[in-house]
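Open the model in your viewer and keep the sequence panel beside it. Each stop below gives a selection and then what is there.

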Amino acid sequence: MSSVGLDVSRADGPAKIRGAAQYAADIELPGMLFVKALRSAYPHAKILRVEASKAEKLPGVVAVLTRDDLKGKNAFFGPVVKDQPVLAIDRVRYAGEVIAAVAAEARDIAEEALDLIEVDYEPMPAVYDLLEAMKPEAPVLHVDRTKAQSFPAKSGFRLQDEGNVLSRYHVEDGDVAVGFGESDEIFEDVYTSPKIQHAHIEPHATVAYWEPSGKLVLYTSTQTPSSIRTQLAELLGLPQSMVRVIVPFVGGGYGAKTHPRLEPLAALIARKAHRPVQWVLTREEVFLTAHCQAAVVKIKTGVKRDGTIVARQVEAVYDIGAYALTSTNTGRNGGEVSGGPYRIKHQDLTTYCVYTNTPPTGPYRGFGVPQVCWAYESQMDDIARRLSIDPLELRLKNLVREGDPFVTGHNLVSVGISDCARRAAEAIGWQRGAEQAPRALSGKVRGKGMAVMIKTTMTPSNSSALVRLNTDGSAVLLTSSVEIGQGTLTSLAQIVAEELGLSVEHVSVTFPDTDVTPFDQSTSSSRTVFTMGGAARQAAHQIRQQLLEIGARVLEANVEDLQLINGFLEVKGVPDKRRSIPQLFQARYGAAVGNMVGTFDNQTSGGLDPTTGKGKGSVFYFLSACAAEVEVDTDTGKITVQQVITAVDAGKAINPRLCHMQNEGSMIMSLGSSLFEEMVFDNGQPINSTFLEYMPPSMEDHPKKFQSLLVETPHPEGPYGAKGVGEAGLGPIEPAIGNALANALNGIRVKDLPLRPDRVLAAVQSAKEHGV
């Protein structure tokens, strides 16, 4: 291959290095106003009065948006359930919910105006704990649950009618009662994961204005321009053709920017002000806008003494915060793989999504899977220890293989997970049979651990691409996929270049503009290379066929004897018998004019039955392994990560360097959630909403050695065999570090993330007191 599989330099690199990359917050329009939002100090309260007249009279204030502006209008939105108002109407459901917004000539004027808005509240009982929220006597956040127009038929989950449980997903295979009866050993554990922040560097930002024609235009930092257009059109009662969404560079998203966050309010206040507006969040506001779901996972596993897993039952509960967004999908995604990447005859897997009076959550890198992976992979090591089986051998004995049926009922393809496990173990110097050997619990001790993961991608989904070949042999790919730092502009160009026999430098990829670029469901779920890449390849293939047909006539050769190389069409084995692309245009049109165009709509099939949980859960699966080595100070509880090795099945790495960078990014994110990161609340009030207090990992916390390994098990439906990799490396890192800690501490297990020093010390002290 001439383009695919090469470490092509990033197309977006020069602009970013030079500081020339333009983000949403850099957009400046004539007459633009600046938006600031008034937020609730109460986690749950009725709104009795909102009085904004004083703010409206402040010089420099152009518009104030309150609930009064929403009377008689469609005020609610949501991709699954329309439960979120543009701003609070009758009550607030979390501390930090927007009550009013001001658009002013300057940010400081808007800030001053917020202090002039008067709000009277009637505090209401609130619920912050996800398990407490499930109880019948808990305060109910939402009574009405209206489905969105885009609600999927094969959602896999079932909406619940009352209480705070929004949705339930369930799938089973075999009979777990029988399986537990046949088991020699049974393990029952509960594991927890906290709320964590996406911590993208660029905050949420939006610029909105209305054209004289009544068309809404937004420049916004989003991962889903097509979806934003759809939901805004539905909210505002407009045809989709009257909503235009343009996406410049996006400074990281990790799922936080997959849904409308600022866009609905920005659109409404821009309409009221009759001027463009810009709304950029502060870091504290970002913490109030989106984060990852906390989870409690109960897992029960039955095994034979030889290590065969016979039965597994999982019940996972996700805290989705005050509003739904697509947390229902998060629960389903976690649920269908909560048994892990193992061949288990009897499984019973259930997940719940639960409202609480905390800020709304949303997709987070891994999309509900890291929470369950933390549980099943931590327990796997405890099973290995009790059975005196090496943890690697236990996994290899039970891991899924090519063609195995999954719990959802379809057969797996492109399964390289055993290779991932072996290669990660080899790279870290795994000593079979020795990693769980006893150690003295004094001073600093070391341990190695490993874990594996399986994850789904968005299925079904749709991506459309248009490729335009110019007369000089350059090509443009029109796509609504978003460059969020993962290298989309580069990898998609490589796919088109490969199909057309061009150099990558001769292929450009557009930024999304829904007036121009075709539909793409979402730049999330690490689906872009597989789904949009597949669409781009097929669109380019149509042009390829046109070139071959012209060349066959001009060169008097059979199509199958021709090849495209470096911008020329030549006869195989006769390189001098060739034509350039401009010459082929001349042969077709009589002059080097016009374009050749290819388009393709890539619709992946699948979905899960909401009653049985069965079906095709994923068009491809992420499969990965991680091995880690840690040093823990038994006197302080501090963990120092020495090594992290990740091995990911990429199918075919379109750009290996970009894949390695994704794996390294996953490692750093998961390192933080393993050791430090958690959002802390006091009666619903967030108390660590800055990076200084939240403590993402610093350079000092990085492992002394990190290695990314790529396994290539081509997928028959992926472009050139490729699968997504963006999230694959994330899930197994937390349990690998947790297992390394447990092995360093003679099996002492910390089941709650993050692995803070105080938790480690408490576990060590408890073990010493009990003579462990």
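Select P460. This proline sits in the loop between β19 (444-455) and β20 (462-469). Helices (H or I, at least four residues) and strands (E, at least two) are DSSP runs, numbered from the N terminus. The peptide bond from T459 to P460 is cis, with omega near -5°.

The model is predicted: local features need pLDDT of at least 70, side-chain atom pairs count only at pLDDT 80 or more, and totals for chains, interfaces and linings use all residues. Residues are numbered from 1 along each chain as its sequence is written, and side-chain values use heavy atoms, with hydrogens and water left out.

Go to P754 next. The bond from L753 to P754 is also cis, with omega near -5°. P754 lies in the loop between α18 and α19 (757-769). Most peptide bonds are trans, and most residues other than glycine have a negative phi.

Now for two positive phi values. Select E556, in the loop between α14 (528-555) and β23 (562-565). Its phi is about 55°, and E556 is not a glycine. Is E556 buried or exposed? E556 is exposed, with a relative accessible area of 72%. Buried means under 20% relative accessible area, exposed over 50%, and partly exposed in between (1.4 Å probe, protein chains only).

Move on to N566, in the loop between β23 and β24 (568-571). N566 is not a glycine, yet has a positive phi of about 50°. N566 counts as exposed, at 61% relative accessibility.

Select P438 together with N743. They are 305 residues apart in sequence, but their C-alpha atoms are 8.2 Å apart in space. P438 belongs to the loop between α12 (417-428) and β19. P438 is exposed, with a relative accessible area of 75%.

Next, show helix α16 (residues 656-675) and helix α18 (residues 733-744). They pack at an angle of about 50°, with their axes 8 Å apart. Therefore α16 is oblique to α18. Axes are lines fitted to C-alpha atoms, for helices over the stretch in contact, and angles run from 0 to 180 degrees between N-to-C directions. Angles under 35 degrees count as roughly parallel, over 145 as roughly antiparallel, 65 to 115 as roughly perpendicular and the rest as oblique.

Which residues meet here? From α16, S666, M667, S670, L671, S673, S674 and L675 meet I733, E734 and I737 of α18. Contact means heavy atoms within 4.5 Å. The residues of this contact divide into 5 nonpolar, 4 polar and 1 charged. Ala, Val, Leu, Ile, Met, Phe, Trp, Tyr, Cys and Pro count as nonpolar, Asp, Glu, Lys and Arg as charged, and the others, Gly among them, as polar.

Select R395, in helix α11 (residues 391-398). R395 counts as buried, at 0% relative accessibility. Leaving aside neighbours within four places in sequence, R395 is in contact with Y342, E377, M380, D381, M450, A451, V452 and N739.

Finish with the cores. A nonpolar core is a set of buried Ala, Val, Leu, Ile, Met, Phe, Trp, Tyr and Cys residues joined through side-chain atoms within 4.5 Å. The largest has 116 residues, and I737, L745 and L755 have the most contacts inside it. Helix α10 (residues 369-387) gives the most to this core, with 10 residues. Apart from this core lies another, of 44 residues, including A497, L502, I543 and L547.
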